[in-house]
Amino acid sequence: MMESGAPVCHTCGEHVGLNTNGEAFVACNECNFPTCKTCFEYELKEGRKVCLRCGNPYDENLLDDVEKASGDRSTMAAHLNKSQDVPIHARHISSVSTLDSEMTEDNGNPIWKNRVESWKEKKNKKKKTSTKVEREAQVPPEQQMEDKPAADASQPLSTIILIPKNRLAPYRTVIVMRLIILGLFFHYRVTNPVESAFGLWLTSVICEIWFAFSWVLDQFPKWYPINRETYIDRLSARYEREGEPSELAAVDFFVSTVDPLKEPPLITANTVLSILALDYPVDKVSCYVSDDGAAMLTFESLVETADFARKWVPFCKKFSIEPRTPEFYFSQKIDYLKDKVQPSFVKERRAMKRDYEEFKIRINALVAKAQKTPEEGWTMQDGTPWPGNNTRDHPGMIQVFLGYSGARDIEGNELPRLVYVSREKRPGYQHHKKAGAENALVRVSAVLTNAPFILNLDCDHYINNSKAVREAMCFLMDPQVGRDVCYVQFPQRFDGIDRSDRYANRNIVFFDVNMKGLDGIQGPVYVGTGCVFNRQALYGYGPPSMPSLPKSSSSSCSWCGCCSCCCPGKKAPKDPSELYRDAKREELDAAIFNLREIESYDDYERSMLISQMSFEKTFGFSSVFIESTLMENGGVAESSNPSTLIKEAIHVISIGYEEKTEWGKEIGWIYGSVTEDILTGFKMHCRGWRSIYCMPLRPAFKGSAPINLSDRLHQVLRWALGSVEIFLSRHCPLWYGFGGGRLKWLQRLAYINTIVYPFTSLPLIAYCTLPAICLLTGKFIIPTLSNLASVLFLGLFLSIIVTAVLELRWSGVSIEDLWRNEQFWVIGGVSAHLFAVFQGFLKMLAGIDTNFTVTAKAADDADFGELYIVKWTTLLIPPTTLLIVNMVGVVAGFSDALNKGYEAWGPLFGKVFFSMWVILHLYPFLKGLMGRQNRTPTIVVLWSVLLASVFSLVWVRINPFVNTVDSTTVAQSCISIDC
């Protein structure tokens, strides 16, 4: 008998079987891609002798054994044909049969039972009759006997490039050695307390234990880093055959904006233009702009953008320029004539640049006009009031500028669709900010275009690589890889950052190290922008190839996802609520499997179907939207009336549509945190999906980042606050998602790290205060070192350095980026993260929402002038105080050593080194605080000096440098004095 925990073939869904040794059959020893014997033999028969996932050739010994033991080919062919009948998004047949029996028993309605049987008969007849007729009608007679080229179908669209073993093996070895050294180090620290400074010693040990715990959470998800390579030419050869319509999947683009005065319309317009000029079939591209502020300025700027796109899009495609956003294309300081051979390019480029300058003037005029709102509110060209005059109380608005309206470019070619969306808002309703706006776009796009994939961008993130979507399709449209992929995440890259990247705005260590490590486990986390989603994953479904949850505990290990022997006899505890949600999700999945082709049914049958399957409780009361969720490859019915679809789209963005549904709970962007991106990706991974990290040579997207100190700290504060909110919610990775066992343990460690890192601020600020206290009191947290203790400390420091060096070696990150990341970890930890912890607890436990205000001051510098802007914020006080206290401590320490003599210089060295560690990490903060002209807000200086003075006076009151004298001795000395 086959064990229940045996791996399942990713091609046919059957167990992989056993080899001659009685172990699970493994076709590829490099990536262990689950493939059964039958499918493996079929691959060999077709001449494909490389792994479908990683592209490495199969073992020659295995090939010889299979060729000798190959049996009846007819059985194999029948098995494969049966597996190929299952569509990409089909659910499992076992779930379907269970659902049918449950419906009959629960409902007890013979009419419904007969209706289900009739629908099944219609479906079977349609499969038998129409499929063959359609194929014969579409394929010319002379080509009906010819098969498609096997090479295009067999070659993978992407491959995994493993990190060389000579780089990864030493890295893992040092990590294990560092763990051992940490264990010995803490044994020494705990067994050797400092009696003279017990409080300081205990505080330091607690802090160090927490730092070690944080390091484990951050380090082990990087255990298996990988790189990936895509093959766009193979994608085109497979889905864009000459003389045939393009078979590439359609993509809906989401661009979200709120306040056009804070998010300039010109930036949003450039993002939209880069989407419209994408290197992708125009009929497959639809751009939806969400205006959550209902601003007439945004609407009018889109009118101008749509008009300018008629000139810009054909210019980009004619000359294949990069990037396809005019602001950054014309500002490039490069030779724009490179690789250009058409004589008309220079003339047309000059004309286009002039047109863009005129476009900018029109946009700037709209911005200037919007600075002062009329008392009666804004009015449209026809004299009617603008519906969004009250941003908190207005109806839903949708306007289609391009695409359906029939607008074409100046050369007469079709343009992609451009749709303006502003959801309805009313007082007293929770709108859920960006997550709510994204969910509204999901529903609108499903009604109007219903592309199977969704790409969301912030308004300041433009497409820098016109082939970025093709890069993502190499994963999502690959029948072997894309079945279980919920999204493809691209790294974030930024423009306008100073060369030294003083405040680590680029986040190079996170995007080039941590995300590569996660890609080797279950996939990168979702970071909020630059991500291509599988629409089915957003609807709350599980991956098609994921087997149903067994009634008994699974024996497969969630650490590695494939072994059945590393955790024998262990039964994972299952939360009843988790099992209930999984059961409801399986029912919905089964309904999708049975009822794919409901477009052949009449309206009454469809309404009965939707009502019976309780889809309305999940997706809301819209039959058009629910029908769109049942379409495997997306798209809308050809018989649909555009005006009717617009009315339905207005309905699905109404204020009460999400009430008593699963929106924000199980489907769409998840509510409950200001960092809805982490929460949304976490839910998908818990359902068993995996994600892909795509890093093309030319960055796919680029955006802008706050480069001055105050704005950067507030950005980090928002991220940290979202993590604290998730920690205090039911979705906390510490306890959520254990029921199904679909989230791998290393992936769970990574998610735990994303929610607990703000709490590191508490031990960090205590640890950064310890050096000053030691210098002021003359005490130290470490006793006199023995030879063994010296070796331990030296080994710990060396292991830290070697780990960093080896990490730089396999990742390609520079040492400057690593040091900047380390510095800002301390800066953010003692400021933004600390405030986030307190603000999060106040908000979640007491319902108090604390807001920090920022007041800007002007900067006179032309180059990176914003970098030197100093803005007052309470976030500046803690790190400034730490700097002053440590500087005072260093001065006091040297003064005390001078008074005590030569023997005091030895202990002083360790204390000063400790204090200089803090000052060096806070040095970028000090530079940002002073500005180029050494200007610092007076209030920051006053608060910092006040706190430092209070701290110093307290220790002066304690008299740390004066030996305690007996009171009787003092009294006797006073009596002996003759006054």
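Biologist: Which residue in S13 is the bridge partner of Ile 463?

Modeller: Ile 463 has Phe 701 as its bridge partner in S13. This is a predicted model, where local features need pLDDT of at least 70, side-chain atom pairs count only at pLDDT 80 or more, and totals for chains, interfaces and linings use all residues. Residues are numbered from 1 along each chain as its sequence is written, and side-chain values use heavy atoms, with hydrogens and water left out.

Biologist: How do S8 and S13 pair?

Modeller: Strands of a sheet pair through backbone hydrogen bonds, either parallel or antiparallel. Strands here are DSSP runs of E, at least two residues, and helices are runs of H or I, at least four, numbered from the N terminus. Two strands count as paired if DSSP finds at least two bridges between them. S8 and S13 (residues 701-704) are antiparallel, over two bridges.

Biologist: What is the strand order in the open sheet?

Modeller: The order is S8-S13-S10, with mixed pairing. S8 (462-463) and S10 (493-495) are at the edges, each with a single partner strand, so one side of each lacks a neighbour in the sheet.

Biologist: How many salt bridges does the whole structure have?

Modeller: A salt bridge is a side-chain nitrogen of Lys or Arg within 4 Å of a carboxyl oxygen of Asp or Glu. The search finds 25. One of them joins Lys 702 and Asp 495, N to O 3.7 Å. Lys 702 is in strand S13 and Asp 495 in strand S10, 207 residues apart.

Biologist: Is Asp 519 buried or exposed?

Modeller: Buried means under 20% relative accessible area, exposed over 50%, partly exposed in between (1.4 Å probe, protein chains only). Asp 519 is buried, at 2%. Its salt-bridge partner is Arg 228, with the closest N and O atoms 2.8 Å apart.
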